[in-house]
Amino acid sequence: MQATDSKQPAVPVIHVAPSPHLVQTASSTRWMMVDVLIALTPVVAMSLFVFRGYALFQLAVCTGGCLLAELLFVRMRGRPATVKDCSALVTGIILAMSLPGTAPWYVGVIAACVAIGVGKVIFGGLGMNLFNPAMVGRAFVMISFAGALAASGFEDLRSVVDAVSQATPMNAYKMNGVVTDLGNLFWGTTNGSLGETSALACFLGGLYLLVRRTVSWEIPTGLLLAVAAIGGLADLVGPADGWTVLHHLLGGSVLFGAFFIATDPVTSPLTPKGKFIFGLGAGLLIMVLRLFSGYPEGVMFAVLFMNALTPLINRWTIPTPFGGN
Amino acid sequence: MFQRVENVDHKKNEIHGAAMTLKLKGYAGNGTFAHGVHPPDHKDLAKGASIRVLPTPDAVVLSLHQNIGGPCEPVVKARQTVAWGELIGKGTSFVSTTLHASVPGVIQRPMRMTLANGRHMETLPIQTEGEMPAGRDLWEEIYGGHWPTNGLDAYDPQQISRDISAAGLVGLGGAAFPTHVKITPSDKKPIHTLIVNGCECEPYLTSDYRLMLEAPAPIVTGALLAARSVGAERIVIGIEDNKLPAVESMCKAAAGTGIEVGVVKTKYPQGSEKHLIYALLKHQVPLGGLPADVGVAMSNVATMAAVARAVIHHKPLTHRVISVTGKGVVNPSNVLAPIGVSFGALIDYCGGLTADAARMVAGGPMMGFAFSNPNTPVTKGAGGLTVMTADEIRAGEESTCVRCGKCVDVCPMNLVPTKIAMASRHQNIALSRRYNIMACFECGSCAYTCPAHIPLVQLIRAGKARVVAADRG
């Protein structure tokens, strides 16, 4: 057995390893993250268009904060650096997109530190966390800085950016019964968290993730179905105030949540059935919070609550093996 | 999806057309199964290479354990001269079979060797001495001549099974299960259908494909004999739709015999016993059960050809067709070689290794065994030798599971591989049982797909061993 290339002095180095000996080279955890980043482009672009400097500022604070927090906390735990897997970048952008543009810098920094530190690294890093890190960070600042993240915190009447000087559509409806035009909700020219305003941008990004199969279709489908069903029911039995099921779907962060937050693989169930149940549950909770709680929006708490149920859902949905009954 | 044999006059393109339509009458299944993967098949490397006959090697090494089940014990002594095809070992139990000299020569002192699958086994080396047919003559001797399709009623079902046992036949598709255990009349579990497995779903391998092209007649005769032995009324040859020339060849050879050719979708692991049965007949073999539980017997095409030779000519299994393929081999080929020849001799015959060859695999890349010693002997179950290059095997570094569920989406057994793997990594037997660890047949679809490059199959294998050990107490 001689190598054919005579310049090679010896028999080639032969490795042994367990089967399978083929790997799908196109797939890696990093590529999944890059896919999410690509899918976030329309959302980020739209937020920059609508919120201008506010969006740029919040993106810089949150992504910078998350990357630094990742470096710092991973090092404190004495683990090899994990910044290259891009997951901290994804968390940073999703966090920025879920905050109001007007939030002061320290809110973003603290949210980033909590997201990465408490949301992820404490549990053992990527893949080990129970709760969506970006939502952990956001929930922390929402409770700690109630003023900055309450409905009034979104508004800055002196702002030169149009969107920021208005009330958010969800709050305008909750407090004053003002119904925002569907067109504005679709294009995104309203106030709100940076990434949630444009239904179109969320759809485009979500479509990309679905086509690339980076996220499974079951979670967004289940979530949107539940929102549509309960929103439709509320539409039928509730007062005819012009806020329809379409407003429920396009307004607030339902679409951003359905495609970018609830679909976080780490904190959602493993099996297709479990994913669908997870989506349905999240959609149900969103509507319960919107209709019956003091908050105008409920995506964040709904996702966090379903994250907590994920291990149980996994247990309930162990699939029947082929040939089993 | 299916082409029935009654339409055998069709030209190739019409068979192609039929294969592309979704479902033809007469099959309950829809030609495929849920989940599975589509690895690049690389069959182009060797599928055009006609089977060549390896010149008789100077020596062979015959493992006394060639099959699943019990080993055989030698019936010859060292320095004894044996003829080609002479019995040298006999089975020690029912699930065990006989062994024959694959070359004429002198038996050497028994020695222990490591087989490709990693097991250390007692072997009988034979130093070649004396003449045997070679080249085209050997091909004609094994696969040539007339193979009857009529008058097979004269063969007694019990006798067919005994002849198969006497010829030392095992499943040549890779699992090497003694054939006489499956192909035998049974009152307890009546068999209605014999499925002949011509899927060859492992990437790279082309030995079954070439055999279906070059020797379809013995496959047909063997299938008729096997069906007579088990009492099956129906015979279906299952072939994936990326092997349409083989479909055409088998249709032609089977014309007028009532044997059907079922064209199934190209997808890994379509050649898995349970999944081919489902694709054709829509029967689900129960967990832990056998095809016989749903009235099916299944055997590989190369095994059928060997059955024909064993029953009609009373000749034992001494040679088999092996694909020597992969980007790490200079001339990928299909070779008719004696059992017991070293893999190294096969590689030399096929031009040697390329400079970037990095891994030798006995079998195909999805389920085959990597080995490093070129003196490792070929066993009856080895359908191929795949040599992979450094580029192909370079796996990414393992990272933590992000629970993306891609392994769940591809598992043909509908399991949750990551949960089972993590349970066995943490030696949690109860948890791995809850997730049905024993249903896994280690096809490798999950590990192939895993974006975190977790060695799922290896972890599950270790977990299964632990469960088996726990069951034994």
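In this predicted model, Leu87(B) stands opposite His100(B), a residue of strand β6(B). The two strands concerned, β5(B) (residues 87-91) and β6(B), run antiparallel and are joined by two bridges.

**The three-stranded sheet of chain B**

- Strands β3, β5 and β6 of chain B form an open sheet in the order β3-β5-β6, and their pairing is antiparallel.
- The edges of this sheet are β3 (72-74) and β6 (99-100) of chain B; each has a single partner strand, so one side of each is left without a neighbour in the sheet.
- In general, the strands of a sheet pair through backbone hydrogen bonds, in either a parallel or an antiparallel manner.

**The six-stranded sheet of chain B**

- A second open sheet in chain B has six strands in the order β1-β15-β14-β18-β16-β17, and its pairing is mixed.
- At its edges stand β1 (51-53) and β17 (369-371) of chain B, and because each has a single partner strand, one side of each is left without a neighbour in the sheet.
- From one strand to the next, the twist averages 30 degrees.
- Strand β14 (residues 319-325) of chain B runs antiparallel to strand β15 (residues 333-338) of chain B, and six bridges join them.
- Within this pair, His319(B) stands opposite Pro338(B) in β15(B).
- Helix α5 (residues 207-214) of chain B lies across β1, β14, β15 and β18 (384-389) of chain B, and runs at about 125 degrees to β14(B).

**Helix packing in chain A**

- Helix α3 (residues 87-98) and helix α4 (residues 105-118) of chain A cross at roughly 140 degrees, and their axes come within 11 Å.
- That angle makes α3(A) oblique to α4(A).
- The crossing in which α3(A) passes α4(A) is right-handed.
- On the α3(A) side, Ala88(A), Thr91(A), Gly92(A) and Leu95(A) take part; they meet Ala111(A), Ala112(A), Ala115(A) and Ile116(A) of α4(A).
- The residues of this contact between α3(A) and α4(A) comprise six nonpolar, two polar and no charged.
- Helix α10 (residues 218-237) and helix α12 (residues 254-261) of chain A pack at an angle of about 160 degrees, with their axes 9 Å apart.
- Angles over 145 degrees count as roughly antiparallel, and α10(A) and α12(A) are therefore roughly antiparallel to each other.
- The crossing of α10(A) past α12(A) is right-handed.
- Pro220(A), Leu223(A), Leu224(A) and Val227(A) of α10(A) make the contact with Val254(A), Ala258(A) and Phe259(A) of α12(A).
- By class, the contact of α10(A) with α12(A) has seven nonpolar residues, no polar and no charged.

**Helix packing in chain B**

- The axes of helix α3 (residues 157-166) and helix α6 (residues 216-230) of chain B come within 7 Å and cross at roughly 120 degrees.
- The helices α3(B) and α6(B) are therefore oblique to each other.
- Their crossing is left-handed.
- Pro157(B), Ile160(B) and Ser161(B) of α3(B) make the contact with Leu225(B), Arg228(B) and Ser229(B) of α6(B).
- The contact of α3(B) with α6(B) contains three nonpolar, two polar and one charged residues.

**Domains and the contact between chains**

- Chain B is divided into domain 1 (1-54 + 131-393) and domain 2 (406-472).
- The C-alpha centres of these two domains of chain B lie 28 Å apart.
- In chain B, 12 residues of domain 1 are in contact with 13 residues of domain 2.
- The side of domain 1 of chain B that touches domain 2 of chain B has eight nonpolar, four polar and no charged residues.
- The contact between the chains takes 41 residues from chain A and 65 residues from chain B.
- On the side of chain A that touches chain B, 22 residues are nonpolar, 17 polar and two charged.

- Most peptide bonds are trans, and most residues other than glycine have a negative phi.
- The peptide bond from Ser19(A) to Pro20(A) is cis, with omega near -5 degrees, and Pro20(A) is found in the segment before α1 (29-51) of chain A.
- Tyr268(B) and Pro269(B) are also joined by a cis peptide bond, with omega about -5 degrees; Pro269(B) is in the loop between β12 (260-264) and α8 (273-281) of chain B.
- His35(B), although not a glycine, has a positive phi of about 70 degrees, and is placed in the loop between α1 (12-20) and β1 of chain B.

Terms used:
Residues numbered from 1 in each chain as written. Chains lettered and ligands numbered in written order. Predicted model: local features only at pLDDT ≥ 70, side-chain atom pairs only at ≥ 80, totals over all residues. Domains from an automatic or database assignment. Contact = placed C-beta atoms within 7 Å. Nonpolar A, V, L, I, M, F, W, Y, C, P; charged D, E, K, R; others polar. Axes fitted to C-alpha atoms, helices over the stretch in contact; angles between N-to-C directions. Helix = DSSP H or I, 4+ residues; strand = E, 2+ residues; numbered from the N terminus. Parallel < 35°, antiparallel > 145°, perpendicular 65-115°, else oblique. Left-handed = near helix turned anticlockwise from the far one by under 90°. Pairing = 2+ DSSP bridges.
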